Amino acid sequence: MPKSVMIHPHEVRQSRFIELDPIPVNQYSRTLADELDRYAREDLVRIHRDMAYIRAFETMLQEVKTQRSFRDIPYDHRGPAHLSIGQEASAVGQAFLLGIDDHIFGSHRSHGEILAKGLSAIEKLDDDTLMGIMQGYDGGTILRLIEGDADGSVKDLAIDFLLYGALAEIFGREAGFNKGMGGSMHAFFTPFGIYPNNAIVGGSADISVGAALFKRVNHKPGIVIANIGDAAAGCGPTWEALCFATMDQFTQLWDESVRGGLPLIMNFVNNFYGMGGQPVGETMGFGTLVRMGAGLTPTQMHAERVDGYNPLAVIDAIARKKEIIERGKGPVLLDTITYRFSGHSPSDASSYRERKEIEEWQQVDSLLTYGEEMLGAGLCTREDFDKTHAHIDAAMLKAYKKAVDLDLSPRANLYVPGNLLERTMFSNEKVESLDTTREPEVLAPLADNPRVKKLAGLSRTGLDENGKALPAIRCIGVKDALFEAIIERFYTDPTLVAYGEENRDWGGAFGVYQGLTEALPYHRLFNSPISEAAIAGTAVGYALEGGRALVELMYCDFLGRAGDEIFNQLAKWQSMSGGMLRMPVVLRVSVGSKYGAQHSQDWTALVAHIPGLKVVFPATPYDAKGLMNSALTGTDPVIFFESQRVYNQPELFHGAEGVPAGYYEVPLGEPDVKKEGSDLTILTVGATLYRAIEAARILEEKHGLSCEIIDARSIVPFNYEKVVESVKKTGRILLASDAVERGSILQTFAAKIGQLAFDYLDAPPVVVGARNWITPPDEVEDSFFPFPADILDAVHQHILPLDGYEVKSENDASVLVRRSAEGV
């Protein structure tokens, strides 16, 4: 879209061939003896020790899962355990050079990566820093549990801390790294640069891209590594993540201060199986996974296959790829081959592979082959190995005993009011700026912005001094109010970025962002690929790293393309972290009309159904600006619905002042009485507010029925107090929205109102929504969406008969039963 990037026909129509460079495959050929001048003896010994720690940890879990005990101490672990026995060298080799500013994201099989990265961090950090981390994490809870019987150095204490914290988390104990709410597949420990692991195959792909984006945009040190399985190569979000990560704009359009490829290694931990399916020879066609890089960038993403059964080969690869990234030439794709001796999980009998195959890999087991090389080089003796293993076994047993002891390590009590999950589903904090150490990067003063100047000349209310409607073109509309909130936040929070489809230059598909291009450098407002999963997933990673993201899906209907990222990632990480993480993301979606079945749907119920998401749907300029301000200073994920029907709608409900020019907030969760009345309550969601007002006018003028109209504004959270008070007065309630009636959020509202206000109702709550069809063409969509006549029909047929009223569309009980029976 930028005018600086011209598409010339004489260039793109030229006849030519694309030439690919050879991709290195297992090119490392040095022996341990060759590397003695590169590594200190203690480092080479530590590599073996760290692999042994991982093997012991995973073997312990294997024994617990299959025998329900360890060292004759019983424990029935009912949760998952996807073990990495056999994959130790790839994890330890990767972590060897990484510091705490280098962040790793993992998969469901990442215990080994957690331990490897943790052990590497412990080795690099000084004692004071380690003690500070242990004392400060969760108020020192883990430290108090492990220091009583500790012996040795501070680093030994830190290893006990790492083993217990990880194991307690896997066993669901409140003293675990994430208070037991993450468990085996989601554990992490950010002070060591260990970021969330992910139970969804490929789930860390786009999240890690967002993390790398945060580092690039905010000038932060370090790299990001996504450790995902080879089967993740078949997942759509993985490809979207790769396309997002390799956008040309990073190296061609962004300002010099942030220009460069993302500091990311997309590392496929390739154990040749996706559960029981084999990507090579069965479920995919790439043959050698690393060839994927050739399809993404002219540099082929510097792709390389590495022998993950040789820790030194992995260290060598990480060193070279880090250097590429430091030159701004990332991202990088690695295909790190390895093999798991155990099944996908302990219940997996490996019926899909030959025993001989497993035995062949066991013969080249990294602990054995590397250990033999160490002996051959004279770096240690078998007695040294025996002492190391004895020390590790003792540390493992000590951690296990503490982790299974319910008196020492209780689970969170989730049966009491205000329990852990009630406290951590949302963080509910207000933070004006997520980085107070620097000023926001902008192109010009806010007062000089052309759209800001233009809006200063418009009426802030939609009514003249006599209460008559002003032409919409002369007034601040919903999209203008949104713009005012958003641009002011960009001048307050330097971490805030906005991206999605058509965000820059175009000004957003519906004009909300017009004026932002003139205000913001490219790295704070940019266009993304048409990759809805990556848009949402990268926002998650950006927020996990400490930034605030405002991202947009052009239509509500596209939520399905980002389903996992919204439902399983955006919604869950605050609570799965036990409250350790924040998720300041606002995801804007517009609800269309006129555009038929795939561009005109209201899916508020879909996201409201998912715990962990806040959901709002303003219909007025005042509410849009106030809610956006609240969302953009909060620390929770907010799905921000906007109706295309009302983008140009002026403010009609706040008198002469209208939409304040300055900053204000509308609190999430509080519905608003737009019109007072005494006979019927109408609760609306979104743009149906205005049709409800028209219906109320008819009811009052022709039938003497006084209507009180309440605009929900928020869907999650939602405070029922105003609605219940209104029902106490009117005795009747009708609910209206543009969502299809079946399963809509209105049904939840109606059920809850029926429960809370049962004693005050003279008739059951009645829901008026769209028909349970596809959205038809614009020419006949008035047969589908609720209009004033539909509201009147519902009042007449289900709440209170209206004298002299003629029903437009039969909708009595028999019709409702028929439609339900037919599924329409």
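The model is predicted, so local features need pLDDT of at least 70 and side-chain atom pairs count only at pLDDT 80 or more, while totals for chains, interfaces and linings use all residues. Residues are numbered from 1 along each chain as its sequence is written, and side-chain values use heavy atoms, with hydrogens and water left out.

Let's begin at strand β16, residues 707–711. Helices (H or I, at least four residues) and strands (E, at least two) are DSSP runs, numbered from the N terminus. In β16, 5 of the 5 residues are buried, so the strand is largely enclosed by the rest of the structure. Here buried means under 20% relative accessible area, exposed means over 50%, and partly exposed is in between (1.4 Å probe, protein chains only). C707, I709 and D711 point one way from β16, E708 and I710 point the other way, and all are buried.

Now look at the partners of β16. Two strands count as paired if DSSP finds at least two bridges between them. Strand β14 (residues 672–675) pairs with β16 in the antiparallel sense over 3 bridges, and V673 has I710 of β16 as its bridge partner. Strand β15 (residues 680–684) pairs with β16 in the parallel sense, over 5 bridges. There, T684 stands opposite D711 of β16.

Next come the charged side chains. The structure holds 51 salt bridges, each being a side-chain nitrogen of Lys or Arg within 4 Å of a carboxyl oxygen of Asp or Glu. One of them joins K322 and D102, with the closest N and O atoms 3.3 Å apart. K322 lies in helix α12 (residues 311–326) and D102 in the loop between α3 (88–95) and β3 (103–105), so this pair ties together parts that are 220 residues apart in sequence. K322 counts as buried at 14% relative accessibility, and D102 counts as buried at 7%.

Another salt bridge brings together the side chains of D335 and R305 (2.8 Å, N to O). This pair links distant parts of the chain, with D335 in strand β7 (residues 332–337) and R305 in strand β6 (residues 304–307), 30 residues apart. D335 is buried with a relative accessible area of 0%, and R305 is buried at 10%.

A further pair is R645 and E781, whose side chains meet in a salt bridge (3.6 Å, N to O). R645 lies in the loop between β13 (638–643) and β14, and E781 in the loop between β19 (766–770) and α27 (788–799), so the pair ties together parts that are 136 residues apart in sequence. R645 counts as partly exposed at 30% relative accessibility, whereas E781 counts as buried at 5%. Elsewhere, R30, E35, D37, R38, E304, D316, R320 and K321 are linked in a network of salt bridges.

The peptide bond from G330 to P331 is cis, with omega near 0°, and P331 sits in the loop between α12 and β7. A cis peptide bond also joins V716 and P717, with omega about -5°; P717 is found in the loop between β17 (714–716) and α25 (721–730). F272 is not a glycine, yet has a positive phi of about 75°, and F272 belongs to the loop between β5 (264–270) and α11 (279–283). E502, not a glycine either, has a positive phi of about 60°. E502 lies in the loop between β8 (497–500) and β9 (525–527) and is buried, with a relative accessible area of 19%.

Our last stop is a helix pair. Helix α2 (residues 41–67) and helix α14 (residues 366–376) pack at an angle of about 155°, with their axes 10 Å apart. That makes α2 roughly antiparallel to α14. Axes are lines fitted to C-alpha atoms, for helices over the stretch in contact, and angles run from 0 to 180 degrees between N-to-C directions. Angles under 35 degrees count as roughly parallel, over 145 as roughly antiparallel, 65 to 115 as roughly perpendicular and the rest as oblique.
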